[in-house]
Amino acid sequence: MSIPRPRTPRGERGPVDPVVARARWLLLGLFMLTGLMFSSWLARIPAVRTALGMSEAELGGILIAGSIGSLATVSLAGWMVTRFGGRVVLYLSTAAFSLAYVLIGLGPTFHSVPVLAVGIFLSGAAFALGNVPLNVETAAVERRLGRTVLPQFHAAFSIGSVVGSGIGALAAHAQVPLLVQFTVTAVVGAVWRLASVPGAVLDSLPPDPARRAEARAARGPRTLRLRGVRRTARPGSALHAWREPRTLLIGVVIMSAALSEGSANDWLALAVVDGFEQTEAIGAAMFGVFVGAMTAVRLLGTTLIDRYGRVTVLRTSGVVSLLGLVLFGFAPSLPLAAVGIVLWGFGAALTVPIGIAAASDDPLQAAARVSVVSSFSSTASLAAPPLLGLAAEAMGARHALLLITVSMVTSVLLARVVARQEQPAPATLEPATP
């Protein structure tokens with residue numbers, strides 16, 4: 001059971017608990033690993049399409065399997081973290097990830113669309129399952145440190161994505177078989193996660209039955225309220241979070257980010273390949289440019305958010321992202337489109353960490369609220385691939401991506417909901433007077 005620690009005033013640096021510092025580095029590694037695994041697969045989407053002879057619309061229909069897996073799992077993830085603890089949930093996520101990547105390699109190799117679809121489904125489910133405890137833990141580290149650090153974890157994800165897209169581009173250039181690449185990815189990912197999880201999870205621990213029973217027994221006319229007993233979310237708290245207007249609006253902001261970043265993940269490489277008649281390796285490299293731009297801003301995000309605040313940074317991000325996407329969609333040449341990709345990446349960088357931080361302002365409700373806003377992200381991922389696939393058939397993938405500009409405008413209009421809600425520091429608990 002985690003024991004509340006004194007909070008450092010935001011913006012002031014104090015001594016860092018070695019356990020918290022270790023958890024921070026392990027979580028950075030886990031975020032980087034997740035980005036590496038995802039982007040190495042996304043960079044090979046053109047090869048998967050070619051191996052299975054699919055059109056853009058058919059590919060969009062297959063990619064939706066991941067969104068279905070994510071949506072089916074994310075609604076349970078908050079409850080599972082509260083009930084069983086973050087470690088158990090991350091172990092389950094690790095097993096699902098490993099199996100998913102093996103299946104993703106087997107599908108194109110043996111020309112089996114159903115096997116590929118199952119692999120993509122499991123991949124989405126594994127990501128959603130692990131995403132909640134990882135974000136709850138990173139928000140807990142931020143609270144313990146007393147300053148904004150959450151964008152650093154998403155920067156680590158982006159760094160992993162840059163590395164993964166580079167691996168994917170090199171593998172595509174060297175014509176490495178998909179099965180070989182994804183099997184190696186599965187093995188490395190499993191070993192890395194299993195070694196990191198025990199030290200990374202500090203806050204989302206399962207409730208201690210003995211401590212809870214002790215606290216219940218102490219209630220009464222002369223209640224002795226116990227120090228160090230952390231309240232835990234009730235089983236119904238996840239359902240309660242669905243009735244909170246602020247949480248739902250944060251979910252809409254997260255949805256806009258999912259549409260922006262997710263559409264780039266699924267379609268940017270193909271848009272470059274088809275729209276500018278480039279090779280698969282160039283498409284993967286341009287996806288790397290997008291992720292690299294996101295990484296740069298996420299590394300600066302801690303300073304930007306602490307200096308200008310969540311609301312201002314979110315609004316600016318939406319405008320920059322909008323300008324970048326419009327430039328990419330209408331650019332007459334690849335170099336100019338690359339400038340648009342950079343601006344798009346700049347603007348897409350901080351929306352998710354800002355939304356997750358806003359949903360985690362209250363540590364007692366963090367798991368439930370992160371689960372809710374993640375559901376919005378999964379819903380966006382569920383709708384975007386097939387809709388963009390159909391639009392790409394009619395107007396090309398590059399111009400189809402312009403449809404998501406609506407979500408960027410929505411994010412700007414709703415920016416105020418992410419304003420920080422400071423939680424009162426826990427009062428010193430004393431025995432009740434007679």
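**Exercise 1.** At what angle do helix α5 (residues 113–145) and helix α6 (residues 150–173) pack, and how far apart are their axes?

*Solution.* The model is predicted: local features need pLDDT of at least 70, side-chain atom pairs count only at pLDDT 80 or more, and totals for chains, interfaces and linings use all residues. Residues are numbered from 1 along each chain as its sequence is written, and side-chain values use heavy atoms, with hydrogens and water left out.

Step 1. The angle between α5 and α6 is about 140 degrees, and their axes lie 9 Å apart. Axes are lines fitted to C-alpha atoms, for helices over the stretch in contact, and angles run from 0 to 180 degrees between N-to-C directions.

Step 2. The two helices are therefore oblique to each other (under 35 degrees is roughly parallel, over 145 roughly antiparallel, 65 to 115 roughly perpendicular, the rest oblique).

Step 3. The contact residues (heavy atoms within 4.5 Å) include F127 and N135 in α5, and L150 and P151 in α6.

**Exercise 2.** Describe how helix α3 (residues 56–84) packs with α5.

*Solution.* Step 1. The angle is about 30 degrees and the axes are 6 Å apart.

Step 2. That makes α3 roughly parallel to α5.

**Exercise 3.** Which residues of helix α17 (residues 405–413) are buried?

*Solution.* Step 1. T405, S407, M408 and S411 are buried (under 20% relative accessible area; exposed is over 50%, partly exposed in between, with a 1.4 Å probe and protein chains only).

Step 2. Down the axis of α17, the buried residues fall within an arc of 155 degrees, so they line one face of the helix. The arc is that of the directions from the helix axis to the C-beta atoms.

Step 3. The face turned away from the buried side of α17 carries exposed V406 and L413.

Key
Helices (H or I, at least four residues) and strands (E, at least two) are DSSP runs, numbered from the N terminus.
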